[in-house]
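Okay, thanks for coming, everyone. I've got one model to walk you through, and I'd like to talk about how its strands line up.

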2 protein chains.
Amino acid sequence: MLAEIITIGDEILIGQTVDTNSAWLGHHLNEYGVEVIQITSINDKKENIVAALQAAEKRADVILITGGLGPTKDDITKKVLAEYFNAQLVTDQGALENIKDIFHRRGREVLQVNVDQALVPDNCEVILNTKGTAPGMSFEQNGKLYVSMPGVPYEMKAMMENVVFGKLNARGDNYSIVHHTITVVGVPESHLSEKLTSLEDNLPSHIKLAYLPHLNLVRLRLSAKSTQHTEIELNEQIKDYFNTIKSTIGNVWFEGDKNLPELVGDMLKEHHHTVGTCESCSGGYIAHCITSITGSSVYYKGSLLTYAYETKVAIADISQDVLNEVGAVSEEVCTAMAQNAQTKLEVDYCIATTGIAGPGGGTADKPVGLVYIGLATPEGGVIIKRCEFHGTREQIIHRTTYTALDMLRKELSTPKTATGG
Amino acid sequence: MLAEIITIGDEILIGQTVDTNSAWLGHHLNEYGVEVIQITSINDKKENIVAALQAAEKRADVILITGGLGPTKDDITKKVLAEYFNAQLVTDQGALENIKDIFHRRGREVLQVNVDQALVPDNCEVILNTKGTAPGMSFEQNGKLYVSMPGVPYEMKAMMENVVFGKLNARGDNYSIVHHTITVVGVPESHLSEKLTSLEDNLPSHIKLAYLPHLNLVRLRLSAKSTQHTEIELNEQIKDYFNTIKSTIGNVWFEGDKNLPELVGDMLKEHHHTVGTCESCSGGYIAHCITSITGSSVYYKGSLLTYAYETKVAIADISQDVLNEVGAVSEEVCTAMAQNAQTKLEVDYCIATTGIAGPGGGTADKPVGLVYIGLATPEGGVIIKRCEFHGTREQIIHRTTYTALDMLRKELSTPKTATGG
């Protein structure tokens, strides 16, 4: 089944709103086996709405329309739909009760513009808006389904979940669809693709491999869609291909499409380990990524953020002599930062970073992008990685952070020999 | 001038990526007086790309295409464009040098797939990619301009800023266009709009006021577009309206649309002041925002990031008795955090945060969203603000950060009486 999404309203076209609705719809429709073939964003002009509907119904079986249902003058979607489907606007009693209810609960007067929101084309099926005032509408014409919903994300989502997904299921093809994703850390897309060429060339036509790069992660997704195989069979097939992929690329991946901070957090919780940080060039971004995860206070204790030279001495006890001798961006200082902060913060693992995020501050021996990352472990040692990152200040901060979190991931996924004591 | 944006690639249609590129383009094109009439998102199939181009050129003067230029097999945009514009693919030496440079700097081998990225249709104008490997391309046909750019946001943005906006300006209509923006901190859009109703109602038709809310900032932009007035006249008119706006809303704004961290950084540099942080609930996000600004090492010294209870005692010398008595989320603890960190970090100003970012951890007296923000000043006192924020964990972290930075902005913009000594 093919779907097209049409969003109506200026706010997306002038960049005032990012179109998160379509992303949500695309993601969920895909899971229901509905393929979105186009997303079309247009303004509130009648001729553009009509042209978009006419173009969409040539391509798609299902047309999902969001936006343009508000109470203000520029919201004309409902009138255009009534005309398009040769209908009269009539008051829907259920929608009117819903509107009155909402206004009474808020202690506000119901204005005429609000009452008018209960007007709907007389040949549509009304979809109750459980989260707001504007009713949704669905139409059937020439075997195609048209659904019009408000642009407010939680109102639209509630209508999809309560009503529309059920409608789509009832019309569904008999495909089995299976997706599975692994996430690869620190390998460029082109290198991955080079390694996986022969696997890709030999995939059967019902299985597709997608590369989804984001910062220094690449998500690899295998999707299988077939009327010939059961879901169990497709799962088995995908598992086999992933086993080949994993043995081809080595230990640079983790299962699923979690964020790296979330994955590392889960691993720390599982082993009842704690972590702290001693950041310099990453400037608090590692702490921010870790603490963005709900429940991170269980395993994250804090940071000595030693951005300035003198702060490294004052709060992380880095020796002034060592700083003078080898400089702040050095293996020695990184090692001491990781160890001293591990002790002061009383944590099992401690991540330290020191480097030159740029764009200024580089020299011939210590160019912009040179970063030392240290990981102090409960066994007492410090793992040090010397990196030369490229890119903007923002990219160097991101790459430092993701490389550091991946060092922790690798360390946590390495089986430890039990020690006595 | 009318523009259409076409995004190519599965990732938007299946909801794996939110289309922030189009929002950025829509926003900036609008400022250049270019109206975006449609955004079309399609997959990588040749027939869909061709159909989208054919439909777009009927509606628009400028067609901006993003995505589909990666090195992998599913990226076919370049081949389709070559065919569409009756061209042969040839190697562009500039693009090839750029690719080799990037790979050499990263110390990685240049693979055939990378070399192939330098192939371009022989009748396009190549746009150098200053941030990545895939070159951009522009074509002229029947008076229409077509520009194809990578989907990676910072690569696309650099091409727009370095080359494409200039091209659009050169094709522009003979309008004078002037935009000016001020940024308002901490006032909801609806409250602002209420205060500015009568001003808005009396604006002449060639001047428009836009509200651009982002987190707890609202950018107010006045845009004047006219064939009847010079740019100098439009600037004068906008200045007058802004004077009225500023006197209506009070000291809650700053000039321009800088980021708050950038603005605060400029103020600190100007007065040769330093700042440090002692973050709990904001988890390093204040430090990250400050250190994202180039040159922040001049004024930012570091942080005691005391996320855990015991870390507040261990590294910020918060008294265990006070913690037991009034809890970590309290005015007393916030004050002590700001003062102790100010001393330890040897800074003029020190920001402290302690609160409940949620979604768990709230109680009846101390609900999720309760945050104390402290600002220790060089005069010796600590300014404390008690906030009750609403929203998700992410929103509470952001609001805490922006409120804290705005406290610092206000303090830095208050004239000080010179003291002796």
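**Strands across two chains**

Let's start at one spot: Glu279(A) sits opposite Thr353(A), which belongs to S15(A). Strands here are DSSP runs of E with at least two residues, helices are runs of H or I with at least four, and both are numbered from the N terminus. Now, this is a predicted model, where local features need pLDDT of at least 70, side-chain atom pairs count only at pLDDT 80 or more, and totals for chains, interfaces and linings use all residues. Residues are numbered from 1 along each chain as its sequence is written, and chains are lettered from A and ligands numbered from 1 in the order in which they are written.

Back to that spot. S13 (residues 275-279) and S15 (residues 349-355) of chain A run parallel, joined by five bridges; pairing, by the way, takes at least two DSSP bridges.

Where the chains join, S14 of A and S14 of B (residues 300-306 in each) run antiparallel through five bridges. Thr306(A), for one, has Gly302(B) as its bridge partner.

The contact as a whole takes 62 residues from chain A and 65 from chain B, counting C-beta atoms, placed from the backbone, within 7 Å.

How values were computed: Two residues are in contact if their C-beta atoms, placed from the backbone, lie within 7 Å.
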